[in-house]
Amino acid sequence: MKEKIYFYYTNDLHSNFNQWPRTAGYLKDMKSSRQTRGDAHFLVDIGDHMDRVHPISEASMGKANVELLNEVGYDAVTLGNNEGITLSHDDLYHLYDEADFQVVCANLKHKEEHPPDWLHDTQVLRTESGVRIGLIGLTAPFNAFYQLLGWHLTSPFEELEKQLDSLKQKTDIIILLSHLGLSEDEAIARKFPDIDVIIGGHTHHLLRTGEYVNNSLLTAAGKHCMYVGEVILTYDHDKRELTHKEAYTTDVSSYSENEDTSILLDELAAKAGNVLEEEVVYLEEGFETDWFHDVPMMQDLTETVRKWTDADASLLNAGLLLDGLPKGMVTYGDIHRICPHPINPVVVHLRGDELIEVIRASLQKDFMEIQLKGFGFRGKVIGRMLFSGLSISTTIRANGREAVTGVMFQDGSAVEKEKTYRIATADTFTFGRLLPEIAKSEMKQYFLPEFLRDLLLDTLKNKTPQA
């Protein structure tokens, strides 16, 4: 006898709740259809369901996302970096306390060896016919962040070496829930042929019909849950082996919204509104923002970051502030709205010549106009770089381009090319190649769990002393 087993999956919603009722509607319909036909079926999420850019996730610290996953009826999830490193230790420790599903993440360890009850390295799902499906979860090992939050991430490859043999002995099929990214998934598939399917995420790649690497079928459904993934496994009970694997993705961006999910989202939005209405500061004067010019509030925030991190100098991009604020009472929701990014302060060590190159690159028109997506940035463009602790001289060339003509510290001392300095900035620039000198710095000190918006609030309070 041959049996088909259906897996439906989502990845990297990033709290795109405008789409979620349609995604939920599709998933509920598929679950109902499979149940009616008596088909074995499961529903899993591959992480980054939460993103604190959204007020609902911000106000609930991700617990609203868990409630939404419960409402649809998920069987298992793994964590993404947005669940893992944008929450404080206690918020992550209790994130899944009320989950009706299994949480699997083999490489997430608690530094004090007191893991939460919900955290499991692996799980075994069983069909009614007795087929045993082993799940193992892995998440991106951003240890520089996790360590500061009381967690430790082991190597995904070392964890697979440790877990797979025992998992293979007690299962018929092995599926990896991987929030590692496509290149890591491909490397894992080449090294570990016992993994039958790798359901991926993190790098937002879309594999419409999957792809084979070695023995493993790889699949992923893009981002924001515009697509839902499906894996169909054919198990031969007579041969006691998996004989066929298929993967598909379905565009659900125009699917009918599920009414119950929409109602729940409205309720969660109302709760979030109540939380975010907390009044935090009164502004005697309002302020505006401008992504391409120096503005006093961004300059004040840059100064706050320098002093708070005790750095020699600091630099922040004006695109971090999405809007200004009027005179009057300001709520935490206002702060979140104008600075929604899950971005932490960081201090990097740069030589003087590297610092000068960073300044030159950051003041280039092309750099300021980059429409950045990712690395924690949730704005429109990078914008102009502002500096604290430094005095920058520039000139406008004949072609209209701004050029740096001098860099020195505000106390009048020169920037020594071979001397190393502590420079504070947004952690965004430690990833990728936006500013290579910062990204490749061998010394990076991240500050968690504070986001830049927390320092923005401090800046506003210091600017307008409260009675």
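Me: What makes the radius of gyration agree with that of a compact globule?
Reply: The radius is taken over C-alpha atoms, and the globule rule is 2.2 Å times the number of residues to the power 0.38. For 467 residues the rule gives a value near 23 Å, and the protein has 24 Å, so the two agree. The C-alpha atoms fill a box of roughly 80 × 50 × 50 Å along the principal axes.

Me: What are the ground rules for these values?
Reply: This is a predicted model: local features need pLDDT of at least 70, side-chain atom pairs count only at pLDDT 80 or more, and totals for chains, interfaces and linings use all residues. Residues are numbered from 1 along each chain as its sequence is written, and side-chain values use heavy atoms, with hydrogens and water left out.

Me: What makes a residue buried, and what percentage of the protein is buried?
Reply: Buried means under 20% relative accessible area, exposed over 50%, and partly exposed in between, with a 1.4 Å probe and protein chains only. By that cut-off, 56% of the 467 residues are buried.

Me: How do you know which contacts join residues at least 24 apart?
Reply: A contact needs heavy atoms within 4.5 Å. Take the contacts between residues at least 6 apart in sequence: 73% of them join residues at least 24 apart.

Me: Why is α3 called mostly covered?
Reply: Seven of its 10 residues are buried. These are Ala64, Asn65, Val66, Leu68, Leu69, Asn70 and Val72. Their cover includes α1, β2, α2 (55-60), β3 (76-77) and α9 (259-276). Just after α3, Gly73 takes a positive phi of about 100°.

Me: What makes a space a cavity and not a pocket?
Reply: Work on a 1 Å grid over the protein atoms alone. A cavity is a set of points where a 1.4 Å probe fits but cannot get out; a pocket is an open set with protein on both sides within 12 Å along at least five of seven lines. Lining residues have an atom within 4 Å of a point. Grid points are joined across faces, edges and corners, and a volume is the space filled by probe spheres set on the points.

Me: How many cavities of 30 Å³ or more does the search find?
Reply: One. The largest cavity has a volume of about 60 Å³. Of its 13 lining residues, His49, Asn65, Leu69, Glu83 and Tyr96 lie nearest the centre. Helix α3 (residues 63-72) gives the most to this lining, three residues.

Me: What is the volume of the largest pocket, and which residues are closest to its centre?
Reply: Its volume is about 1000 Å³. It has 35 lining residues, and Gly374, Phe375, Gly376, Phe377 and Arg378 are closest to the centre. α4 (81-85) and α11 (332-338) each supply at least two lining residues. The largest share, three residues, comes from α4.

Me: How do you know the classes in the lining of the largest pocket?
Reply: Ala, Val, Leu, Ile, Met, Phe, Trp, Tyr, Cys and Pro count as nonpolar, Asp, Glu, Lys and Arg as charged, and the others, Gly among them, as polar. The lining then has 13 nonpolar, 14 polar and eight charged residues.

How values were computed. Helices (H or I, at least four residues) and strands (E, at least two) are DSSP runs, numbered from the N terminus.
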